[in-house]
Amino acid sequence: MSDPAPTPSPAAPAPFPAAGNISDTDREDLRRHGILMTSMEELYNWGRSNSIWPLQFGLACCAIEMIAAATARFDIARFGAEIFRPSPRQADLMIVSGTVTKKMAPLVVRLWNQMPEPKYCIAMGACAISGGPFKQGYNVLKGIDRFIPVDIYIPGCPPRPEALLNGLVQLQKKIKAEKLTGPDAARHTRPEAPSEFPIPVYGAHDLEPTKNPAVWSPPSPPSA
Amino acid sequence: MDTVEQIRDRLLARFPAARVELVTNPGTAAEHSLLLDPAHAHDLALFLRDDPALQLDYCSNVTGIDWPDKDITDVTKTTIPDPAGGPPKVVEQKTVRHQPGFLEAVYHLYSIALKQGPVIIRLRTANRTDGVALPSLTPIWRSCDFQEREIFDLFGIIFERHPDLRRLLMWDEFKDHPMRKDYVEPDDYEWEPTAHAAVLEKAKAHAAVSVASLPGSGPAPAPAKSAEAKP
């Protein structure tokens with residue numbers, strides 16, 4: 001809310017979400033006089049971004065770092081995300097913390113489908129992003145983004161708790177910038193945008209399908 | 001503690017019908033092992049556990065090994081003295097013999113009571129296709145349970161009389177045995193920015209199936225549809 005606006009000119013409308021026709025300097029001026037001007041959208045996003053409840057589950061060693069981020073030393077409560085919910089029905093954020101084996105992948109997708117909108121996903125660590133050191137194996141999913149949309153990728157093996165907090169702050173920025181109306185409105189406000197994704201089934205040799213083409217398609221190698 | 005040879009001799013004296021062979025380890029560790037006859041393995045293992053001099057009451061580890069079919073070349077050297085008095089001629093004769101493949105389970109046994117071990121025993125299947133059954137030793141050492149299930153999962157050895165023989169790591173619908181040497185893994189491997197030669201080969205094989213789009217192996221790739229998929 002207190003982001004300094006980059007040299008606003010009085011003539012041009014400021015790009016701040018709540019601004020409307022009033023510039024940020026004018027808003028700051030009013031705030032010093034005890035008048036708070038805001039918009040429903042800004043208030044809504046401010047409230048949501050400072051109260052992100054993660055889903056309480058861990059998959060591998062990254063989960064240890066996630067647990068450390070919740071302890072007193074790193075204290076994820078400073079960012080309002082300390083309430084790890086054991087039920088997906090009450091969670092806003094899925095932190096995919098660790099290696100997603102192919103045996104576990106359908107269950108992770110099912111948990112994602114059970115979370116209510118608006119929901120966000122953080123892929124924490126190399127394994128959740130791409131399979132990491134196990135990418136060349138047969139039994140590890142090569143990135144959770146093959147089945148569900150991921151908002152924030154946190155590299156590392158494992159990422160330190162500070163990196164997870166940084167990812168959380170990035171997610172908060174993303175939430176604060178979301179629009180509730182208009183053509184570029186946030187995904188969860190659009191009824192046609194999918195909230196649930198197909199759950200892969202266990203096949204004789206691999207998951208079927210091995211990826212969701214609506215969510216992910218393989219990167220092309222650079223041309224020679 | 002008895003040496004492996006002494007244990008073998010005692011086993012053979014107690015079970016004359018059984019077949020027990022010594023498998024030597026040529027390495028510096030020299031941990032020799034006993035190859036047990038699967039038909040008598042249960043009785044032999046029970047003897048190893050209950051014999052008062054051995055009391056091998058703890059199975060610490062069970063491992064599977066896949067031995068595929070292979071041709072072994074034996075080289076025999078014969079020295080023919082030169083009748084003219086020169087240096088003798090060495091003639092090498094190579095014979096190729098075919099060794100049919102089999103699967104193997106290796107058990108490491110210790111005695112907690114007598115603080116001794118390990119004694120290593122091996123069981124071998126008849127072949128790698130239809131004769132893959134071995135007697136389970138879980139009724140004798142409870143700690144073999146999960147490890148035999150893992151071997152069943154990854155190698156495909158069927159342990160008879162196992163109390164709960166299900167796949168341990170892979171899902172039940174899975175048909176392959178990934179730790180076998182001839183396992184073909186699913187082709188879900190895309191390009192990856194790495195200089196690792198084996199990885200590049202794998203990626204090329206994948207690209208040959210989908211599109212010939214790797215550097216140096218085909219025309220220019222299609223424009224990256226998902227270049228922004230991973231910010």
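User: In which sense do β1 and β2 of chain A pair, and over how many bridges?

Analyst: In this predicted model, β1(A) and strand β2 (residues 120–124) of chain A pair in the parallel sense over 5 bridges. Two strands are taken to pair if DSSP finds at least two bridges between them, and the elements themselves are DSSP runs numbered from the N terminus, with helices being H or I of at least four residues and strands being E of at least two.

User: Before I go on, how are residues, chains and ligands numbered or lettered here?

Analyst: Residues are numbered from 1 along each chain as its sequence is written, while chains are lettered from A and ligands numbered from 1 in the order in which they are written. As this is a predicted model, local features need pLDDT of at least 70 and side-chain atom pairs count only at pLDDT 80 or more, whereas totals for chains, interfaces and linings use all residues.

User: OK, what is the strand order in that sheet?

Analyst: The open sheet has 3 strands of chain A in the order β1-β2-β3, with parallel pairing. β1 (93–97) and β3 (152–154) of chain A stand at the edges with a single partner strand each, so one side of each has no neighbour in the sheet. On average, neighbouring strands are turned by 15° against each other, direction ignored; axes are lines fitted to C-alpha atoms, for helices over the stretch in contact, and angles run from 0 to 180 degrees between N-to-C directions.

User: Is β2(A) mostly covered or uncovered?

Analyst: It is mostly covered, as 5 of its 5 residues are buried, where buried means 20 or more other C-beta atoms within 10 Å of the residue's own, exposed means 12 or fewer, and partly exposed lies in between, with C-beta atoms placed from the backbone. A:Y120, A:I122 and A:M124 point one way from the strand, and A:C121 and A:A123 the other way.

User: Why does A:A123 count as buried, and what does A:A123 touch?

Analyst: A:A123 counts as buried because 27 other C-beta atoms lie within 10 Å. Leaving aside neighbours within four places in sequence, A:A123 is in contact with residues including A:V96, A:I144, A:D145 and A:Y153; contact here means that the C-beta atoms, placed from the backbone, lie within 7 Å.

User: Which residues of the largest nonpolar core touch the most other members?

Analyst: Among its 44 residues, they are A:V96, A:V100, A:I122, A:A123, A:M124 and A:I144; such a core is a set of buried Ala, Val, Leu, Ile, Met, Phe, Trp, Tyr and Cys residues joined through C-beta atoms within 7 Å. The elements that give two or more residues include α4 (105–114), α5 (125–130) and α6 (161–176) of chain A, and the largest share, 5 residues, comes from β2(A). Apart from this core lies another of 31 residues, among them B:L36, B:L54, B:L103 and B:I121.

User: Switching to helices, at what angle do α3(A) and α6(A) pack?

Analyst: They pack at about 75°, with their axes 8 Å apart. That makes α3(A) roughly perpendicular to α6(A), since 65 to 115 degrees counts as roughly perpendicular, under 35 as roughly parallel, over 145 as roughly antiparallel and the rest as oblique. On the α3(A) side the contact is made by A:E65, A:M66, A:A68 and A:A69, and on the α6(A) side by A:P161, A:L164 and A:L165. Helix α3 (residues 61–70) of chain A also lies across β1 and β2 of chain A, running at about 130° to β1(A).

User: What about α3 in chain B, how many of its residues are buried?

Analyst: Helix α3 (residues 144–154) of chain B has 9 of its 11 residues buried, including B:C144, B:I151, B:F152 and B:L154. The cover over the buried residues of α3(B) includes β3 (58–67), β6 (102–111) and β9 (158–160) of chain B, and just after the helix B:G156 takes a positive phi of about 85°.

Technical notes
Contact = placed C-beta atoms within 7 Å.
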